[in-house]
Amino acid sequence: MPIFGKNAVMFKIFKQFGEYFFMLRKTFTRPQKMKIFFRRFFDEVEAIGLDSLAIVAILSVFMGAVILIQSAYNFSNPLIPAYAEGVATRDSMLLEFSPTIISLILVGKVGSSIASELGTMRVTEQIDALEIMGVDPMNYLVLPKIVAGVFIIPFLIVISMFLGVYGGYLASLLTGAISPGRYIYGIQYDFVPYYIFYALVKSAVFAFILTSVSSFHGYHAQGGALEVGKSSTKAVVYSTIAIIFFNLVLTKLLLN
Amino acid sequence: MIEVANISKKFGDRQVLSEVSMYLETGKVNMVIGQSGAGKSVFLKCLVGLLQTDLGEIHYDRRNFTEMNYQQKKELRQEIGMLFQGAALFDSLTVEQNVVFPLELFAKMSKSERLDRANFCLQRVNLINANNLYPDEISGGMKKRVAIARAIAMNPKYLFCDEPNSGLDPQTSIVIDNLIKEITQEFNMTTVVISHDMNSVMEISDNIFFIYSGQKWWEGNKQDLLTTDNKELCDFVYASSFMKEFKKSQNR
């Protein structure tokens, strides 16, 4: 029976969720050969992690620098302690900018690349070829991407935190917004190690979302080049929405 | 041998295959012909399990493929080689790695044995000195040959070819056709070729099946094809002026 209107939209949403979880169920099975899985895992670590290092580094340094300059600009009130800019830069980077903003940047870089790669494999029948050979394509193609993403992206986030805080230091040094000594004191003041744990949990969850959602859209691409492009766009849009939603959920859960 | 019994397939309200039955012999090139959109590719995808049939059964040497579970199908597929229309080579792997790929996953061989087998298959399709090239560095004909080498690497019992000549020049088409024919006889495989290229049909087919509007309309061999008075088949076979002339010369 055909479904119309609001019901059709709901049906489509539930169908997509069903297909997504079905993909995950098929993905998380024992790989056919561990040796091949590890080879693909390290290839993905390189593609997802090492190839993103430069953009993460540049963004983090500039983000840290901008946060410091803006903090210095806004904290001109003499009642605010002198080290506040350092604290603000450190906590902003640790709590939000490194895990969330860098993950969103990675959605654009890594997510679209995963979706295009799998989409192209789908429309050029490479995924069918795998299936005909008796290979489980979801396990073979998607599992190494998800595992590599969840493994390497938290490392990128830690690097981003360091570089962001260092960016603030560079800004204090080069612009004279505050004195470097005041900044150094600020970033050490009242440090909460739990923030690192919070950021790492967030980045692992975001890594899972961005790799799995992008793989889902790429894997289910149909048609030709146009559809591959559309699947890549969908991957970026849905991953971004999911990350923003889970950012709220995790913040509420972990910081309450 | 593959027996196809009354398979049907529907997409929404559109009946694409309707009660198609065939007996595909071992050691022969079984050619499935028909117009574009007649249901040939859907038929092939149903045969290898890329699409689920709505009705009917498919038996691979008396093993009921339609009743098999996912794991059993996966095991049977290791006996299948397939040549896709666009070759479907893995872009990130070299020619040699493409051929080694199924061996690495399924064959209990040492690395040197795998390489020997891959080189044997590549030599069998007359591809030498191309081992380290990537798919985007070789021609369409070479891609098809690599795909054939990959398809026969596991020594399959069944070979499926989806329009093996599409996008190839006539000379290369003949090379690929002959290769399919030779390999079928050499390895005693059950080969199914989907095509609408009449040159191929006349060149290599042993058994011919004509699909029209999702139904098996006609079956026979090359001689039967030349003498048939089936209107739909004649319209298809003699659509080109070359084939019309050919028929005229045959009648004279």
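Q: In which helix of chain A is A:Glu131 found?
A: The model is predicted: local features need pLDDT of at least 70, side-chain atom pairs count only at pLDDT 80 or more, and totals for chains, interfaces and linings use all residues. Residues are numbered from 1 along each chain as its sequence is written, chains are lettered from A and ligands numbered from 1 in the order in which they are written, and side-chain values use heavy atoms, without hydrogens and water. Helices (H or I, at least four residues) and strands (E, at least two) are DSSP runs, numbered from the N terminus. By that assignment, the helix of chain A that holds A:Glu131 is H5.

Q: Is A:Glu131 buried or exposed?
A: Buried means under 20% relative accessible area, exposed over 50%, and partly exposed in between, with a 1.4 Å probe and protein chains only. The relative accessibility of A:Glu131 is 18%, and the residue therefore counts as buried.

Q: Which residues are in contact with A:Glu131, leaving aside its neighbours within four places in sequence?
A: Contact means heavy atoms within 4.5 Å. With those neighbours set aside, A:Glu131 meets residues of chain A and of chain B, namely A:Pro137, A:Tyr219, B:Leu50 and B:Arg77.

Q: What distance separates the C-alpha atoms of A:Glu131 and A:Pro78?
A: Along the chain, A:Glu131 and A:Pro78 are 53 residues apart.

Q: What is the volume of the largest cavity?
A: On a 1 Å grid over the protein atoms alone, a cavity is a set of points where a 1.4 Å probe fits but cannot get out; a pocket is an open set with protein on both sides within 12 Å along at least five of seven lines, and lining residues have an atom within 4 Å of a point. By this rule there are three cavities of 30 Å³ or more. The space in the largest cavity is about 140 Å³.

Q: Which element gives the largest share of the lining of the largest cavity?
A: This lining has 15 residues, with A:Met133, B:Ile80, B:Gly81, B:Arg150 and B:Ala151 nearest the centre of the cavity. H5 of chain A and, from chain B, strand S6 (80-83), H3 and helix H5 (140-152) each supply at least two residues. The largest share is three residues, and it comes from S6(B).

Q: Which elements give two or more residues to the lining of the second largest cavity?
A: The second largest cavity has a volume of about 70 Å³. Its lining includes A:Phe37, A:Arg40, A:Tyr140 and B:Leu105. Two or more residues come from each of two elements of chain A, H2 and H6.

Q: Which helix gives the most to the lining of the second largest pocket?
A: This pocket holds about 820 Å³ of space. Of its 32 lining residues, A:Arg40, A:Asp43, A:Tyr140, B:Ser92 and B:Leu93 lie nearest its centre. Eight residues, the most from any element, come from H2(A).

Q: How many charged residues are in the lining of the largest pocket?
A: The largest pocket contains about 2,000 Å³ of space, and among its 50 lining residues A:Glu19, A:Phe216, A:Tyr219, A:His220 and A:Ala221 are the closest to its centre. H1(A) gives the most to this lining, with twelve residues. Ala, Val, Leu, Ile, Met, Phe, Trp, Tyr, Cys and Pro count as nonpolar, Asp, Glu, Lys and Arg as charged, and the others, Gly among them, as polar. On that basis the lining has 26 nonpolar and eight polar residues, and the charged residues number 16.

Technical notes:
Points joined across faces, edges and corners; volume = space filled by probe spheres on them.
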